[in-house]
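Q: Can you walk me through this one? I'll ask as we go.
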Amino acid sequence: MILSTTLEFCIFIYLLIFSFSYFTLHSCCLLYLCFDNAGQFFSSGHTNNWAVLVCTSRFWFNYRHVANTLSVYRSVKRLGIPDSHIVLMLADDMACNHRNPKPATVFSHKNMELNVYGDDVEVDYRGYEVTVENFLRVLTGRLPPSTPRSKRLLSDDRSNILIYLTGHGGNGFLKFQDSEEISNVELADAFEQMWQKRRYNELLFIIDTCQGASMYERFYSPNLMALASSQVGEDSLSHQPDLAIGVHLMDRYTFYLLEFLEDIHPASKTNMNDLFKVCPKSQCVSTPGHRTDLFLRDPGSVLITDFFGSVRKVEITMETINLTDPIKQKPKQKDWHPPDGFILGLWTLILLVFFKLYGMKHLKHIF
Amino acid sequence: FDTSAPETVDPSSVPQPKDDFQEELVIRPLHSGDIYASFQFRTVWETDFMRGNKVSHYRLFPKSLGQVISKFSVRELHISFTQGYWRTMQWGQPFQPSPPGAELWVWFQDSAECKVYAAGCVDGTWKELTNVLSGIFCASLNFIDSTNTVQPSASFKPLGIGNETDHRFLRYATLPREIVCTENLTPWKKLLPCGSKAGLAVLLKSEKLFHSSFHSQAVHIRPVCQDWQCKTTSWELRQTLNVVFDLHNSAQGKREWSLFKMFSRTLTEACPLASSSKIYIDITDNPQGEQFEVSPATPLLSQAVVLGDRRTFSVYDLTQQITFGTVRSLNLLIRWKSSEGDMLRPLLHAERYVAGYGLQTGEIHTLMYNNHPYRSFPVLLLDSVPWYLRLYIHTLTVTSKGKDNKPSYIHYQPSKDRLRPHLLEMLVQLPPNSVTEVTVQFERALLKWTEYTPDPNHGFYVGSSVISSLVPSIVAMDTNSTRERPLFSSFFPCKEESSYFVRVYTEPLLVNLPTPDFSMPYNVICLTCTVVAVGYGSLYNLLTRSFQIEEPSPGLAKRIANIIRKMRGVPPL
């Protein structure tokens with residue numbers, strides 16, 4: 001039949017157009033498959049590391065939240081992030097609190113084994129300065145012009161940022177200093193603002209509160225990975241009290257996180273999949289959760305030191321390296337649209353079939 | 001701060017300004033068994049921050065403070081962080097007094113941009129300066145704003161040279177609530193040329209320093225004369241740290257003190273960048289060694305006139321290798337043998353408290369004691385009260401020995417709600433051997449609910465009163481400020497021989513304001529919404545609902561019968 005031959009012909013034309021457009025779109029990445037030596041330096045995509053560590057609780061009985069934050073601060077400093085790249089926010093002072101039997105110390109293990117406060121600590125926001133407004137301003141960078149550098153998050157589009165929050169929280173909110181809350185929607189919007197202003201390359205968000213998983217439910221910006229200490233409907237529990245100090249020293253999730261991080265050194269190759277296994281239900285009583293669907297890379301290829309440390313790759317070489325080809329990153333995945341040639345071919349096919357079925361006399365109505 | 005363009009001048013041809021660094025530690029055993037240690041680190045630099053050329057090569061002087069001075073046209077800067085209250089009657093007078101919390105007072109330069117009448121200019125610079133300092137010292141100094149800043153007219157005269165006396169260039173603020181902890185000590189130590197690695201600064205371990213009755217660290221910047229003619233001025237930076245260790249907390253009740261017991265470290269070397277590094281131990285009360293003994297013994301003795309008295313000190317010079325002995329470390333030991341003898345009573349001290357009951361009104365009482373047996377002297381009392389305690393100045397009374405004592409100079413600036421605090425400065429003559437009481441009544445204001453702190457039931461702080469005075473001295477003071485003297489005796493400038501300058505701070509006050517119940521907005525919203533939903537909803541339904549009669553649906557048997565009847569063509573049941 002004429003129809004069948006025309007139909008086969010149309011299908012052939014359509015496939016030709018479709019494949020041509022597909023290859024023109026995706027051929028550019030094929031050229032850069034073979035990296036030269038310098039390219040390996042940029043395989044992770046970030047050049048500097050920042051950390052924003054926030055403790056949102058006030059009063060002496062919330063000692064454990066300050067100890068949580070300080071233990072993450074200690075690990076992050078030990079792995080190489082300098083004080084100038086850490087924004088530390090502590091809502092109350094536990095170390096020099098008059099109730100502290102050992103002033104200028106904050107312990108994480110009972111029997112006073114480990115002083116996470118140390119001798120070299122710089123707190124950027126303390127006391128009444130830790131508010132929702134200041135936290136969001138630090139994240140989005142909208143600070144008054146007279147704010148000093150140590151209180152700013154001066155990250156760029158090649159920064160990996162670690163954000164750690166701890167305190168009292170609930171389903172969809174985190175309480176700041178017993179007087180105000182931040183909701184998960186606000187947090188997600190703040191991260192979207194950061195993404196729009198290209199203030200991060202990749203962001204790791206860790207939260208240790210009750211029902212912490214609700215805080216990352218609403219994230220929608222790319223390149224975010226989130227961990228929480230408990231699911232919605234569960235409480236995060238504290239670890240152990242110290243009878244001399246009289247309060248609980250740490251929360252369980254952060255206690256086991258600290259133990260995990262103590263084994264990490266700047267050259268270790270542990271990846272995120274090991275971090276997800278920290279504090280299973282048998283140790284934590286609550287179920288820690290994580291979210292990686294917004295993250296581009298596979299969590300198994302993300303090193304712990306990509307976020308917790310500031311590892312610089314230094315390689316001494318005697319040869320000259322020509323950087324003539326621009327090193328391109330894998331293009332960021334946009335939403336998939338069918339290639340333009342496909343649509344054109346499809347419409348051509350539809351029109352030809354229509355006119356074959358109903359006769360060519362309708363053609364003159366169109367042209 | 002921007003970086004200047006690289007200069008093409010050969011650096012060796014430009015004469016480098018001379019700078020000098022000295023460090024010292026004074027240890028004074030107190031009669032109560034406690035021990036008072038005062039560190040002082042002084043950097044003098046012959047340079048000019050104010051003239052056009054930007055200073056770019058810093059050696060001993062910290063760059064962060066140098067940039068602050070030049071950017072904000074600062075002539076003098078005094079900032080102190082204190083934890084604890086200085087008990088004058090038990091401990092005597094401190095070498096550098098400071099109030100609890102944070103205190104900052106700055107004299108600004110009369111620069112071309114800021115003329116006297118552009119008052120907003122100095123205020124803008126003040127705000128920026130407090131923000132920058134809050135970043136340098138990791139303290140919440142950004143809470144200093146117009147509601148706690150005052151411009152005292154007479155109490156805070158410049159301590160350095162200069163002819164600026166217009167008090168519109170002076171700003172004074174205190175934050176009595178400010179906490180001092182290791183995070184303030186860390187950046188303070190980083191300003192020192194040797195850091196905390198060498199010299200006396202190795203003793204500054206936070207775990208011991210904050211486990212004390214009193215801890216105060218301060219930074220003082222001022223211009224000083226280099227020589228008698230004062231042809232060149234240089235900038236002096238003094239970093240002072242005063243600490244009083246408690247007998248029972250740190251020494252377990254035994255009256256035996258050593259460097260190791262106080263600081264958990266011993267000294268091994270002086271700071272290599274220091275031109276002088278000395279330790280002074282006050283042995284005036286121990287001329288023959290009957291009260292306490294000091295080991296290792298030292299042949300060096302020194303006498304200095306400080307705080308109106310001639311004191312004798314044993315000196316340990318750390319720049320001499322022989323001080324460290326064969327063990328190559330110095331651990332001074334002070335062992336008490338007897339506990340007799342009484343202390344020289346301080347001539348001036350003060351107390352302050354709040355009287356009254358309830359949350360409506362109250363009364364502030366300030367008591368000033370003059371312990372001199374026959375001399376009277378004038379004191380300047382500075383009171384800065386926040387706007388939410390509304391002072392009734394017509395109830396101000398000053399009485400000494402039961403009789404009215406009229407002050408010869410009063411400078412009062414009333415407060416403006418939410419804008420500025422009360423400022424009261426008075427010159428009062430204190431009769432010999434008497435107590436002078438200043439009372440003023442106040443009323444507590446109700447704040448807006450967003451102005452309360454997250455813990456309002458703790459109370460609100462009122463900063464310490466400052467009492468400055470020239471107190472008659474027992475011995476003649478040394479008025480030659482450029483002679484080589486120990487640092488502790490040259491802190492306050494001496495203009496006349498018969499008196500010395502003393503500043504006493506009272507306690508800060510903790511006042512409760514009427515506090516609302518913060519859950520009330522939530523309660524009101526719940527109640528209102530319930531009432532509206534139940535009341536209005538019911539009314540609306542009653543008015544707009546229409547009722548229809550409806551047949552109840554028939555049972556199953558009846559429905560089947562109706563279907564059969566419909567098929568037959570017969571009307572249903």
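A: First a term: buried means under 20% relative accessible area, exposed means over 50%, and partly exposed is in between, with a 1.4 Å probe and protein chains only. This is a predicted model, where local features need pLDDT of at least 70, side-chain atom pairs count only at pLDDT 80 or more, and totals for chains, interfaces and linings use all residues. Residues are numbered from 1 along each chain as its sequence is written, chains are lettered from A and ligands numbered from 1 in the order in which they are written, and side-chain values use heavy atoms, leaving out hydrogens and water.

Q: OK. Is A:Asp120 buried, exposed or partly exposed?
A: A:Asp120 counts as partly exposed, at 37% relative accessibility.

Q: Which side chain does A:Asp120 meet in a salt bridge?
A: That of A:Lys77, at 3.7 Å, N to O. A salt bridge here is a side-chain nitrogen of Lys or Arg within 4 Å of a carboxyl oxygen of Asp or Glu. A:Lys77 sits in helix α2 (residues 63–78) of chain A and A:Asp120 in the loop between β2 (86–90) and β3 (125–126) of chain A, so the pair ties together parts 43 residues apart in sequence. A:Lys77 is partly exposed too, with a relative accessible area of 23%.

Q: How many salt bridges over all chains?
A: The count comes to 34.

Q: What about A:Glu133 and A:Arg137, how far apart are they in helix α3?
A: They are four residues apart in helix α3 of chain A, so about one helical turn separates them. A:Glu133 is partly exposed at 47%, and A:Arg137 is partly exposed at 31%.

Q: Which residues of that helix are buried?
A: In α3 (residues 132–140) of chain A, the buried ones are A:Val132, A:Phe135, A:Leu136, A:Val138, A:Leu139 and A:Thr140. A:Gly141 follows the helix, and its phi is positive, near 85°. Helices (H or I, at least four residues) and strands (E, at least two) are DSSP runs, numbered from the N terminus.

Q: And chain A overall, how many helices and strands?
A: Chain A has ten helices and ten strands. Of its 367 residues, 51% count as buried.

Q: Switching to chain B. What does B:Arg59 form a salt bridge with?
A: With B:Asp19, the closest N and O atoms being 2.7 Å apart. B:Arg59 lies in the loop between β2 (35–45) and α1 (63–72) of chain B, and B:Asp19 lies in strand β1 (residues 19–29) of chain B, so the pair ties together parts 40 residues apart in sequence. B:Arg59 counts as exposed at 52%, whereas B:Asp19 counts as buried at 18%.

Q: How many residues of strand β3 in chain B are buried?
A: Ten of its ten residues (74–83) are buried. Eight bridges join β3(B) to strand β4 (residues 101–108) of chain B, running antiparallel, and seven bridges pair β3(B) with strand β7 (residues 214–225) of chain B, also antiparallel. Strands pair if DSSP finds at least two bridges between them.

Q: What order do the strands have in the open sheet of five?
A: The order is β20-β21-β17-β24-β25 (chain B), with antiparallel pairing. The edge strands, each pairing on one side only, are β20 (409–413) and β25 (499–505) of chain B.
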